[in-house]
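Please look over the chain below before reading the report that goes with it.

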Amino acid sequence: MNLYHELKEIAWLSNLEIPKLGLAIYTFGNVSAFDKDKGVFAIKPSGVTYDKLELDDMVVVDLDYKIVEGKLRPSSDTKTHAVLYKQFKDIGGIAHTHSTYAVAWAQAIKSIPIFGTTHADHLQHDIPCTEVMSEEMIHGAYEEETGNQIVKTFEHLSYKEIEMVLVACHGPFTWGATAEKAVYNSAVLEELAKMGYLTLQINSQTPRLSSALIDKHYQRKHGPEAYYGQS
Ligand SMILES: [Zn+2]
């Protein structure tokens, strides 16, 4: 069997989840799956619609952007993925979508405040938005700079605690231990973005969730004494 078959299959199936979850239409968005030992990731090819996407269309790329396997050109966001795999050492998958509510917050250049317990069930922090890119960065190595902007945003934040970000004026990137988790985080982010938006429509002065409730909800699901779900 092909050396990268499994990695390509994970990436392919994860990409197919994106339209199924209503997170992107046509060719918008992309997911990659990383093999840390081999130092390569499999990613969606550029400009191929999800309904036409085949397992063998997946492109395997190393962290120097070199194509290791595949006939098609990789996603135009490939360098952003590579920067994140290089800097966020423990992640195994990345998803990028143009889901509506998350994009709306990104375009408004606003972090998503933690307003309620749905948010706190997943993370204890606001979902950060990067700074706007300078013209120099846009005219330079744009896709790498997108990755650099994300990394800079996490200078004082933990990428393990916050597995999602809004790239200003653009849209969301999410990650996780696996590509499946990255896609899951994209769906969660879209839902939190929608709830946050609606909350502010009802009351534009809504306060952030109290730290007692943030702690309670996060810890009961993720803490050492977690009791949420079946185990
Ligand atoms: Zn994009």
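The report turns to the fold of the chain and then to its metal site.

This is a predicted model, in which local features need pLDDT of at least 70 and side-chain atom pairs count only at pLDDT 80 or more, while totals for chains, interfaces and linings use all residues. Residues are numbered from 1 along each chain as its sequence is written, and side-chain values use heavy atoms, with hydrogens and water left out.

The chain has eight helices and seven strands, which are DSSP runs numbered from the N terminus (helices are H or I with at least four residues, strands are E with at least two). Because a compact globule of 231 residues would have a radius of gyration near 17 Å, the 18 Å of the chain agrees with that expectation; the radius is taken over C-alpha atoms, and the globule rule is 2.2 Å times the number of residues to the power 0.38.

The zinc ion is coordinated at 2.1 Å by NE2 atoms of His-96, His-98 and His-170. Donors are N, O and S atoms within 2.8 Å of the metal (3.2 Å for Na, K and Ca), and water is not among the atoms, so sites may look incomplete. His-98 lies in the loop between strand S5 (93-96) and helix H3 (100-107), and His-170 in the loop between strand S6 (164-167) and strand S7 (171-176), so the pair ties together parts that are 72 residues apart in sequence.

Two of these residues can be set side by side by relative accessible area, where buried means under 20%, exposed over 50% and partly exposed in between (1.4 Å probe, protein chains only).

| Residue | Relative accessibility | Class |
|---|---|---|
| His-98 | 32% | partly exposed |
| His-170 | 15% | buried |

Buried residues make up 48% of the 231 residues in the chain.
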